[in-house]
Amino acid sequence: MELANRLSKLPPYLFVEINRKIAELRTEGKDVVNFGIGDPDLPTPAHIIERICTAAHDPANHRYPETDGLTELRAAIADWYERRFGVELDPAKEVLPLIGSKEGIGHMALCFIDPGDLALNPDPGYPPYSLGTILAGGEPYPMPLREENDFLPDFEAIPHDIADKAKLMWLNYPNNPTGAIASLAFFEKAVHFAQRHGLAICHDAPYTEVAFDGYRPPSLMQVPGARRIGVEFHSLSKTYNMTGWRIGMVVGNPDMVNALFRVKSNLDSGVPQAIQYAAVEGLRGSQEHIAERNAIFQRRRDRLVKVLSDIGLRTRIPKATFYVWTEIFQGYTSMDFAKTLLDELAIAVTPGTGYGKGGEGYIRFSLTIPDDRLQEGVKRLSSWRRRA
Ligand SMILES: Cc1ncc(COP(=O)(O)O)c(C=O)c1O
């Protein structure tokens, strides 16, 4: 058997060692507090579950869905964008449901990248941006996200020939893993930069509804002209605690949306219809749980950030996402530091380098663990200081 070369181009999976260690510790009976996984511990709201249940009983929903989704869902997505961001979308041409945004992100590379093509991607960044490019035969070109630039890419630092050659630029705000946010002014700059260099923009925005202290993250689509060159990926995963149901969307430039539709319609058969009806319920129904849920994450954030700064780990207070991005002590790599936390405190975190070289010097905590587990983690971290 001979596997395709493209598989050998995928970078090694960095979390293997950490996951193996977690499994070992658990076998030894150790109680590991896992801050590694970014997946809401809180349930999908009850009215959404009810809608899945009724839709599941309807035989019409037992058959293949259409790749472009239910008309009702595309309309609900367009209406949500209008209510939330004041952005008008044509539900027939500028909206496409996805089997979770990750699926669309991966497949988007196939729409733009031929062998040898370049895509600009944030470093550190959510891995599918660069992995999609690699699987399509292209080359990811990292845009470093540095703390001194508030974890925003410095467009001026990208060599002109690279910007001219690249076909696509990935952005993601509110950002995983850094928790950074971007203003509308930043998105305007990104659109001008992309226009100057003939780039398409893919903005990945699944965390706009996970925000704190009254902050409301903007959409790239609010920038005049963004729709001429870009799309935005969004998801119900984080907004409605629906990661397991797999539903997201892409909106914006009709040619880009249609290109993704053409790829997808040849590879998948769309989102199960019962889940599409649940998404309509999520988008159109009560949004009250979002504020309640964010209040829980905010309380957890404050507890964690306090203990981290008490023990001397410099941490910015994130205004959005459920991630806390923390600078580690000097003298460690982020992988060594993550292993040390696991060995000494049975606390699992994600090493920053899991998101690219630019993540060196940092670790990521996720706030998606129950309060009592978070409290246990906080207790261990504070005792660590005393021992240190
Ligand atoms: C930045 C970012 N984009 C996309 C996704 C994927 O979300 P979905 O569940 O919609 O596939 C995640 C999930 O962690 C993410 O962090």
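Helix 13 supplies the largest share of the lining of the second largest pocket, namely five residues. The structure described here is a predicted model.

**The second largest pocket**

This pocket has a volume of about 330 Å³. Its lining comprises 21 residues, of which Arg84, Glu209, Arg216, Gln287 and Ile290 are the closest to the pocket centre. Two or more lining residues come from each of helix 4 (71-85), helix 12 (273-284) and helix 13 (288-310). By residue class, the lining divides into nine nonpolar, six polar and six charged residues.

Strand 6 covers residues 200-204, and five of its five residues are buried. Burial applies to both faces of the strand: Ala200, Cys202 and Asp204 lie on one side, while Ile201 and His203 lie on the other.

| Pair | Bridges | Direction | Residues standing opposite |
|---|---|---|---|
| Strand 5 (residues 168-172) and strand 6 | five bridges | parallel | Leu168 and Ala200 |
| Strand 6 and strand 7 (residues 230-235) | four bridges | parallel | Asp204 and Phe233 |

Between strand 5 and strand 6 the chain passes through helix 8 (residues 184-197), forming a right-handed β-α-β crossover.

How values were computed
Residues numbered from 1 in each chain as written. Predicted model: local features only at pLDDT ≥ 70, side-chain atom pairs only at ≥ 80, totals over all residues. Heavy atoms only, no water. Buried < 20%, exposed > 50% of the residue type's maximum accessible area, 1.4 Å probe, protein only. Pairing = 2+ DSSP bridges. Right-handed = clockwise from strand over helix to strand, strands pointing away. 1 Å grid on protein atoms, 1.4 Å probe; cavity = no way out; pocket = protein on both sides within 12 Å on 5 of 7 lines; lining within 4 Å. Points joined across faces, edges and corners; volume = space filled by probe spheres on them. Nonpolar A, V, L, I, M, F, W, Y, C, P; charged D, E, K, R; others polar.
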